[in-house]
Amino acid sequence: MPHRAVIPPARWKRRFLFLFAFTVLLPAAVLLWLAGRFGGDIPVDYADPVEHFKYGSTGGEHEMGFPYWIWRALPEVCGQYLPGPGYQSIGMLYEKKPDGSLRDLPVGTSRRRYQGVDRVFVNCAVCHTSTVRTAADQPPVLVPGMPAAQFNMKAFEEFFFRCAADPRFAKEYLIPEIQRQGADLDLLDRYLVYPAAIAIMRDRVLALKGRFEWVFEQKPWGPGRVDTFNSAKVIFNFPMHRLDPKEFDAPADFPSLWLQRPRREPRAMELHWDGNNTDMTERNKSAAFGTGTTPPTIDLPRIRRVEEWILDAEPPAFSKFFPVDQALAARGAPIYKEYCAACHGASGRDFSGPDVGRVTPLAEIGTDRRRLDSYTYTLAVNQATLYAGYPWRFTQFRKTHGYANMPLDGIWLRAPYLHNGSVPSLRDLLEPAERRPKVFWRGNDVFDPHKVGFVSDQPAAQGRALFRLDTAEPGNGNGGHEGRAYGTELSADDKLALVEYLKTF
Amino acid sequence: MSFALTPQRRRWLRAALAALILLLVAGAYLGWSRGFRQEPQPAWVFESAESRFRYGSIGAEHDAGVPYWIFYVLPRVFPEKFRQDGQQVAGGYAALGVAWEQGQELPVGFTKKTIGFPRVGNNCAACHTTSYRRSADSNPVFVSGGPGHTVNIENFFRLLIECARDPRFDADILMAEINRVTHLDVIDQLLYRYVIIPVTRKRLLEREAQFAWIFRPDFPEWGRGRDDGMNLTRYFMLKAPMDDRFGPADIPAVWNLAKYKAVAGQHPNYAGDTHDVHSVIIDSALGVLGAPPADKADFLAQVKWLQDYLSALAPPV
């Protein structure tokens, strides 16, 4: 055995410490730092349920989230794909901070830090919140839970797809704009994280573009509407170009979300415009796909907070904004009871009635059939596979053959009327179809208390062009819900009284 | 230095050995539990004879079964392969003309059973359930035991093989889609990525040779509601060499089988080539299994149940 030099213990110790630092301490420190920097999954939370509804997360940022600063920079970099400056131009609403400046994100968007990047995506309020003004020179009042009558979903989708395909969607354009807006990105963010995020996001959006090609081919939905169930077909990657053409051009008005509890107790109503689902939690989870969630990434505890809020949230009273002629309304009550209550409930709060929450066959109701035809038996059975493997797999979607008789709570704020928003006011709805406006403008938030509906005869408001809805276009038909049973043959005085009564809902 | 086993060393060695054995046992258990452990189907399947006929397993998940999550994402990854009447169709499996009840996770005749991991197989109801609608504007009504006149079986067989042949039948692509629809734990992730997906692909491609005849351009399409049952039997059960014979036949109704009393000389096959209801059911069930049954006693019990059920099943009036 060769003789080996004996190393003194002190040197051993030093070597050991050195080695230990290099192989254990240093990597551990780096790992810890990386975990701190890129781990974690922290949504921005709000204690107040209404704030949570407006700005809280549904979990959509995981899969679909836009890095916060990219979200901020896009309207500047891709301004040519928006009708005007900023997200405001497609009807997103910015609330003011206490100091009078605008909040940095619009109503209906949430923020979450995930994989080391702050991300933004939409939540339920983007389609279920809007504003109302009592006159053109009055300030807007934000009403959570009402249909987002100003938000243009189609323009929103098209903006991102067009922008991602634009050569300016690149770090060379985005990072300087981000810095200009005062991001003050650190070195890592500036040279590593954000450039990577930009590339990843571009790929993601472009990969999805094929699945959304059909949207570009639809007649414009305008503000306040979305093609609900053709969008749902995208989840399954149905080859959209192979669908029966009669399934397309099926825009649906955003509904209100108030008072869900009496919609499920004592009897679960068939809801969605065509009454295709009786289970509120399924309707919510189904809607959550629209906020970018997937079964593994949905944030159920936070969705549950929204769910709890919409159970009992109430619409604001018409009388807080405009006077109601109580005597006239009282004259309208028996007319309502005779003509409408069986289908729409005893009143704006009492939803009892033999046919409330049931489906009236299309042949009877006679409204535009495209929304109905867009929802197919084939889609219904496919939806029963959603959330497979979870205890809350969808089981309640059903193909129906008509439209649902829904409660009319807060009906004044749910204009324009019918499932496709083709009738601008309650007064117009009480006319036979040929006397309803053939063309009108959507997207104004100034209210007309006489006809009961948003002002609809002006092509622009506050310097912004409104959407011209032509009832002759496919999907926009304003026929149906007419005839003696639907009150369109009442005398003019009775109609006036009935409309006055509906203001109390 | 000697390696004599001092008591101390022996103790160490014993401990190490025990640990190793423990590890092996745990690994084996895990492998068995995630790969082969059978779980009974949920109780609702057996709640009625009808639901058992429609969704009850007859054992097809062992060999002919497709791992559940692969089955689940195929329509999303390969929408172009879902064809009916010669054209690409939208709607996934529903577009193949299967009977699919609303609210059900799988179409009638598709069974879900966990053997280590959830798998999808078929049973007789896939072909022997008929559907009708009272008007163009109404939903289908499904009748158990009736001929499945809308289902395109040939397309279903082709579809699985064509997917396996496609280079996109690959762990990266399939896992990305699976992770979008469910949360698999680490073990299942690894299992799917490195075992289940490659093995499924291999199995399906093995079928390609046996199924070569359904890709022959000179054979006519079976179309909806027809099935070349005899060729399936010849090539799968009897391993007969391929030849030019083909004979797609209309799927028959299988209700009220009690009418075939062997003594009366009535025959339950179109060509009258067997006398015995029992053997027809066995033969058909074997066809669904695509391989000898994994558990023969269980299989015969299933056949007995089917025979009793179908013998007594009355056609609708």
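The structure is a predicted model, in which local features need pLDDT of at least 70 and side-chain atom pairs count only at pLDDT 80 or more, while totals for chains, interfaces and linings use all residues. Residues are numbered from 1 along each chain as its sequence is written, chains are lettered from A and ligands numbered from 1 in the order in which they are written, and side-chain values use heavy atoms, with hydrogens and water left out.

Contact (heavy atoms within 4.5 Å) involves 29 residues of domain 1 of chain A and 21 residues of domain 2 of chain A. Between them, about 2,000 Å² is buried, and carbon and sulfur atoms give 60% of that area. Buried area here is the accessible area (1.4 Å probe) that two parts lose on being put together, summed over both. On the side of domain 1 of chain A, the residues that lose the most area to domain 2 of chain A are A:F53, A:T58 and A:K219, which together account for 26% of what that side buries.

Polar links also cross this boundary. Domain 1 and domain 2 of chain A share 10 residue pairs in polar contact, both residues being at pLDDT 80 or more. A polar contact is a pair of N or O atoms within 3.5 Å; within protein, one must be able to donate a hydrogen and the other to accept it, and residues adjacent in sequence count only if both atoms are side-chain atoms. On the side of domain 1 of chain A that touches domain 2 of chain A, α2 (49-55), α3 (61-64) and β4 (117-122) each supply at least two residues, and the largest share, 4 residues, comes from α2(A). Helices (H or I, at least four residues) and strands (E, at least two) are DSSP runs, numbered from the N terminus.

Next come the salt bridges, each defined as a side-chain nitrogen of Lys or Arg within 4 Å of a carboxyl oxygen of Asp or Glu. The structure holds 51 of them over all chains, and the count between domain 1 and domain 2 of chain A is 2. The side chains of A:D299 and A:R112 form a salt bridge with an N to O distance of 2.7 Å. Both residues belong to a network of salt bridges that also links A:D41, A:D45, A:E61 and A:R302.

Another pair in chain A is A:D312 and A:R261, whose side chains meet in a salt bridge at 2.7 Å, N to O. A:D312 lies in helix α13 (residues 300-312) and A:R261 in helix α11 (residues 261-264) of chain A, so this pair ties together parts that are 51 residues apart in sequence. A:D312 is partly exposed at 39% relative accessibility, and A:R261 is partly exposed at 30%. Buried means under 20% relative accessible area, exposed over 50%, and partly exposed in between (1.4 Å probe, protein chains only).

B:E206 and B:K202 form a salt bridge, with their closest N and O atoms 3.4 Å apart. Both lie in helix α6 (residues 186-210) of chain B, 4 residues apart, about one turn of the helix. B:E206 is partly exposed at 42%, whereas B:K202 is exposed at 55%. In the salt bridge between B:D166 and B:R168, the closest N and O atoms are 3.2 Å apart; B:D166 is buried at 12%, while B:R168 is partly exposed at 29%.
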